[in-house]
Amino acid sequence: MIIYNSLEEFNSIKHNLPKLSFVPTMGNLHEGHASLIDIAKKTGNEVVSTIYVNSLQFNDKNDFINYPKTLDMDIELLDKKGCNHLILPDSSILDNIKSIKAPIKSMKLCGAHRPGHFDGVLTILNRLFEIINPHSVVFGKKDYQQFLLVKDFIDEKKLNINIIGANTIRNNNGLALSSRNILLTEKDKLIASTLYKTLKDVEKNKAYLNSEYLKTKLDYLKSSGFKVDYLMSCDTESLEESYNINNNDLLIAVAAHLGSVRLIDNLVISKL
């Protein structure tokens with residue numbers, strides 16, 4: 001794996017590179033990220049990844065400062081998985097950067113609780129797309145809203161990039177793998193697995209899906225120790241609240257705090 005310690009270093013050689021499949025990350029990598037590398041390799045392109053903790057997408061300065069950083073282990077994982085190129089952007093990535101305003105649907109779900117978050121995500125991704133010019137880009141669907149917004153951005157801007165969505169990787173208890181899981185105690189990890197079990201229970205009882213039913217599930221999560229930002233049933237494209245399970249697949253999405261750690265998860269349930 002070739003490591004580029006600045007954008008200038010990558011720019012100096014990129015004209016010699018073949019087609020690239022891109023896996024953007026903020027580091028503190030785990031098996032979920034490893035699965036994205038595997039998917040990128042299946043495109044037949046060389047794989048490029050980035051590790052950059054994007055300050056633009058943090059509305060909480062302390063969350064940015066405390067974001068886990070494990071660069072040596074990250075490099076080892078990427079190298080082992082067969083990533084071909086790793087870019088470690090320097091601060092120049094923000095020089096004269098064009099600010100991107102995320103669309104209205106960014107204000108749903110997580111966006112309602114993290115003002116400006118998706119503006120920051122799209123702003124930095126737009127810069128990375130300009131620099132790397134990837135043939136394909138791979139995103140995990142654990143952050144379904146992010147995946148949807150990036151897909152829409154690529155379509156709107158008519159970028160010649162194929163976006164691939166990857167299924168969520170989970171531990172044995174169903175907890176979605178996340179860089180923030182490292183901040184959970186073993187006891188908290190068991191409690192955190194309740195999020196996925198709740199989503200699966202909603203799926204099992206989808207014939208009874210309505211706002212009152214979801215309210216009972218939200219109350220259960222609160223009684224389990226979570227501070228819940230939202231538990232919602234949504235249209236899979238607009239992210240508008242919907243319970244029309246008779247005619248459409250629906251996204252059941254949750255975000256909740258366990259202590260100081262914010263966790264997200266979701267499940268697309270098929271129509272009846």
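D63 is partly exposed, with a relative accessible area of 25% (buried means under 20% relative accessible area, exposed over 50%, and partly exposed in between, with a 1.4 Å probe and protein chains only). The model is predicted, so local features need pLDDT of at least 70 and side-chain atom pairs count only at pLDDT 80 or more, whereas totals for chains, interfaces and linings use all residues. Residues are numbered from 1 along each chain as its sequence is written, and side-chain values use heavy atoms, with hydrogens and water left out.

The side chain of D63 meets that of R180 in a salt bridge, at 3.0 Å from N to O (a salt bridge is a side-chain nitrogen of Lys or Arg within 4 Å of a carboxyl oxygen of Asp or Glu). This pair links distant parts of the chain, 117 residues apart: D63 lies in helix α3 (residues 61-65) and R180 in the loop between β6 (162-166) and α7 (186-192). Helices (H or I, at least four residues) and strands (E, at least two) are DSSP runs numbered from the N terminus. R180 counts as buried, at 16% relative accessibility.

Over the whole structure, 14 salt bridges are found. In one of them, D265 pairs with R170, the closest N and O atoms being 2.8 Å apart. Distant parts of the chain are again linked, with D265 in strand β9 (residues 261-269) and R170 in the loop between β6 and α7, 95 residues apart. D265 is buried at 4% relative accessibility, while R170 is partly exposed at 22%. Salt bridges that share partners also join K105, K151, D152 and E237 into one network. The salt bridge between E130 and R127 has its closest N and O atoms 3.8 Å apart. Both residues belong to helix α5 (residues 117-132) and are three residues apart, about one turn of the helix. R127 is buried, with a relative accessible area of 14%.

Pockets and cavities were located on a 1 Å grid over the protein atoms alone: a cavity is a set of points where a 1.4 Å probe fits but cannot get out, a pocket is an open set with protein on both sides within 12 Å along at least five of seven lines, and lining residues have an atom within 4 Å of a point. Grid points are joined across faces, edges and corners, and a volume is the space filled by probe spheres set on the points.

Elements α3 and β9 each give two or more residues to its lining. By class, the lining has four nonpolar, six polar and six charged residues (Ala, Val, Leu, Ile, Met, Phe, Trp, Tyr, Cys and Pro count as nonpolar, Asp, Glu, Lys and Arg as charged, and the others, Gly among them, as polar).

Three cavities of 30 Å³ or more are found. The largest has a volume of about 870 Å³; of its 41 lining residues, H33, Y67, K142, D143 and Q146 are closest to its centre. Helix α5 supplies the largest share of this lining, six residues. The second largest cavity holds about 70 Å³ of space. K142 and D143 also lie nearest the centre there, with Y144, Q145 and Y230, among 13 lining residues.
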